Amino acid sequence: MLVIPLKVTERYDITPALSHWISSHSSSGANHENETHSIESQNNKKHSHNPLDEFRGDLLRISSLRMSISSSISTNSCHSVALQNNALQDLSEYAACLSQAEERGIPSNLPNFGTEWKCAFDGNHVGDHLRDLLYERCAVLYNIAALHSYQAVHNNDLGSNAGLSQACKHYSSAAGILNHISKLASNHPNSSSNGNSNSNGNNNHNSN
């Protein structure tokens with residue numbers, strides 16, 4: 001039965017890029033607001049709290065999750081170790097964080113952001129260095145699907161009806177996630193499927 005290989009990524013701190021974007025856009029908003037307030041109001045704003053304070057806990061958590069994922073998934077075949085290290089939970093929470101970042105207006109082509117994910121089917125292949133949060137989310141979702149495929153084979157008694165039923169559920173989850181990745185990639189501005197592919201080929205959103 002099929003076990004999907006994992007994608008491996010190097011340790012990377014995502015918080016500087018997110019912090020820079022939050023700070024710059026908070027500053028832009030503050031500057032616009034200052035234009036409609038008095039000089040006294042502007043002076044009072046000098047003593048306002050750092051705009052990052054509101055997001056500090058979220059930034060620390062998202063950084064911790066990514067570091068944990070990169071440590072738990074060290075090879076494309078370390079499914080068992082990854083599951084023992086709660087990688088499935090970390091991946092799911094990290095994917096949710098990336099989705100929430102998009103909902104809050106953080107762009108996919110986040111400035112100062114760039115990660116590397118190795119090809120799942122060729123462990124010796126040097127991964128593409130991409131500056132794209134959508135590709136990051138697709139790679140994370142892919143690994144969730146890969147872990148479900150492993151659970152389908154190794155966490156069940158395939159000789160029993162109950163075991164086969166559980167295996168089918170895991171495979172169904174994996175298939176649903178891979179289908180979702182396909183839809184995310186097809187909706188990306190640089191996807192060839194929507195007629196707006198990048199002619200330079202710098203952003204390849206194939207999550208394999």
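Modeller: Start with Phe113. Phe113 is buried, and its relative accessible area is 0%. Burial here requires a value under 20%, so Phe113 qualifies. Keep in mind that this is a predicted model.

Now the pair. The structure holds one aromatic pair. Its partners are Tyr12 and Phe113, with ring centres 5.7 Å apart and planes at 80 degrees. Planes over 60 degrees apart count as edge-to-face, so this pair is edge-to-face.

Where do Tyr12 and Phe113 sit in the chain? Tyr12 lies in the segment before helix H1 (15-34). Phe113 lies in the loop between helix H5 (87-103) and strand S1 (115-117).

Step back to the whole chain. The protein chain has seven helices and two strands. From the N terminus on, the order is α-α-α-α-α-β-β-α-α. Take contacts between residues at least 6 apart in sequence: 72% of them join residues at least 24 apart. Buried residues account for 40% of the 208 residues. The chain exposes about 11300 Å², with 48% of that from carbon and sulfur atoms.

One helix is worth a glance too. H3 covers residues 56-72 and has 17 residues. From first C-alpha to last, H3 reaches 24 Å, close to the 24 Å expected. The buried residues of H3 include Leu59, Ile62, Leu65, Arg66 and Met67.

Definitions and conventions: Residues are numbered from 1 along each chain as its sequence is written. This is a predicted model: local features need pLDDT of at least 70, side-chain atom pairs count only at pLDDT 80 or more; totals for chains, interfaces and linings use all residues. Side-chain values use heavy atoms; hydrogens and water are left out. Rings of Phe, Tyr and Trp (its six-membered ring) pair if their centres lie within 6.5 Å; planes under 30 degrees apart count as stacked, over 60 as edge-to-face and the rest as tilted. Helices (H or I, at least four residues) and strands (E, at least two) are DSSP runs, numbered from the N terminus. Buried means under 20% relative accessible area, exposed over 50%, partly exposed in between (1.4 Å probe, protein chains only). The expected span of a helix is 1.5 Å times one less than its number of residues. Contact means heavy atoms within 4.5 Å. Accessible areas come from the Shrake-Rupley method with a 1.4 Å probe; for residues, only the protein chains shown count as cover.
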